[in-house]
Amino acid sequence: PGSPGKAPADAVVLFDGKDLTAWKGAEKWTVQDGYAICGGNLTSKQAFGDCQLHLEFATPEKVEGEGQGRGNSGVYLMGQYEVQILDSFGNTTYFDGQCGSIYKQQPPMVNVCRKPGEWQTYEIAFTAPRFNDDGSVKNPGFITLLHNGVLIHNHFQLQGTTSYTEAPKYHKHADKEPLLIQFHGNPVKFRNIWLRENIHALVGKKP
Ligand code: MG
């Protein structure tokens, strides 16, 4: 294990509070005081499939906008599947667009958002989908998610690539794809981003 607040020994550290060299698009971000402020889409240089992902975020302390315009960002696993980040502390929006939703697919079981400006955690266990050569789905993807230590998705079966305008459907992609952090116009802060691969998500199991 890592010391409190630090990554475990086998983790790929994507942001430790100092620099964003593990990412493309960092020139639009600001790193200060051990955290980074979102200013554009950020894409990891390394590609990942199955993983355990830890990240910490804080929506802007100064509350501006409403609905999807307040504290919006998001984590796109494999650049495809969005776990929504939003200020959902007393902020009404559509049910499958709130903080912790699998965007446009599934709302969180409970809303456990902290106040604007307060640090929050996501612990994600992600099983990447597998595809057959003809592009059909061999195994769907799955997401388990703890928000601030509370289980809000328990092995949710992904319906496909995140889309704002269409019903989700799968599009064949590589076994590993870069992680993306969304810029949606709001200066959301991030710190402590790390992940672990080799989680043996599909070993001995046929979903
Ligand atoms: Mg978003």
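**Exercise 1. Find what share of the 207 residues of the protein chain counts as buried, and describe the overall build of the chain.**

Solution. In this predicted model, 49% of the 207 residues of the protein chain count as buried. Here a residue is buried when its relative accessible area is under 20%.

Next, take the secondary structure. The chain has 15 strands and zero helices. Its radius of gyration is 16 Å, close to the 17 Å from the globule rule for 207 residues, so the chain is as compact as a globular protein of that length.

Along the principal axes, the C-alpha atoms fill a box of roughly 50 × 40 × 30 Å.

**Exercise 2. Work out the strand order of the open sheet of five strands and say which strands stand at the edges.**

Solution. The order is E2-E5-E14-E7-E8, with antiparallel pairing. Strand E2 (23-24) and E8 are the edge strands; each has a single partner strand, so one side of each is left without a neighbour in the sheet.

Now go through the pairs. Strand E5 (residues 42-48) is joined to E14 by four bridges, and Leu 42 has Ile 181 in E14 as its bridge partner. E14 is joined to E7 by two bridges, with Val 75 opposite Ile 181. E7 and E8 pair over five bridges in the antiparallel sense, and Gly 74 stands opposite Gln 84 in E8.

**Exercise 3. Decide whether strand E7 (residues 73-77) is largely enclosed or open, and sort its residues by the way they point.**

Solution. Five of the five residues of E7 are buried, so the strand is largely enclosed by the rest of the structure. In a regular strand, side chains alternate between the two faces of the sheet. Accordingly, Ser 73, Val 75 and Leu 77 point one way, while Gly 74 and Tyr 76 point the other way.

**Exercise 4. Follow Leu 77 into the largest nonpolar core and list what Leu 77 touches.**

Solution. This core has 40 residues, and those touching the most other members are Leu 53, Leu 77, Tyr 122, Phe 126 and Phe 190. Strand E6 (residues 51-58) supplies the largest share of the core, four residues.

Leaving out residues up to four places away in sequence, Leu 77 touches Cys 51, Leu 53, Val 83, Ile 124, Phe 126, Ile 143 and Leu 179.

**Exercise 5. Which residues are the protein donors of the magnesium ion, and which parts of the chain do Glu 82 and Gln 182 tie together?**

Solution. The protein donors are Asn 72 (OD1), Ser 73 (O), Glu 82 (OE), Gln 84 (OE1) and Gln 182 (OE1), at 2.2 to 2.4 Å from the ion. Their spacing in sequence is N-S-x8-E-x1-Q-x97-Q.

Now place two of them. Glu 82 belongs to strand E8 (residues 81-85), and Gln 182 to the loop between strand E14 (177-181) and strand E15 (189-196), so the pair ties together parts that are 100 residues apart in sequence. Glu 82 and Gln 182 are both buried.

Conventions. Residues numbered from 1 in each chain as written. Predicted model: local features only at pLDDT ≥ 70, side-chain atom pairs only at ≥ 80, totals over all residues. Heavy atoms only, no water. Core = buried A, V, L, I, M, F, W, Y, C linked by side-chain atoms within 4.5 Å. Buried < 20%, exposed > 50% of the residue type's maximum accessible area, 1.4 Å probe, protein only. Contact = heavy atoms within 4.5 Å. Donors = N, O, S within 2.8 Å, 3.2 Å for Na, K, Ca; no water. Rg over C-alpha atoms; globule rule 2.2 N^0.38 Å. Pairing = 2+ DSSP bridges.
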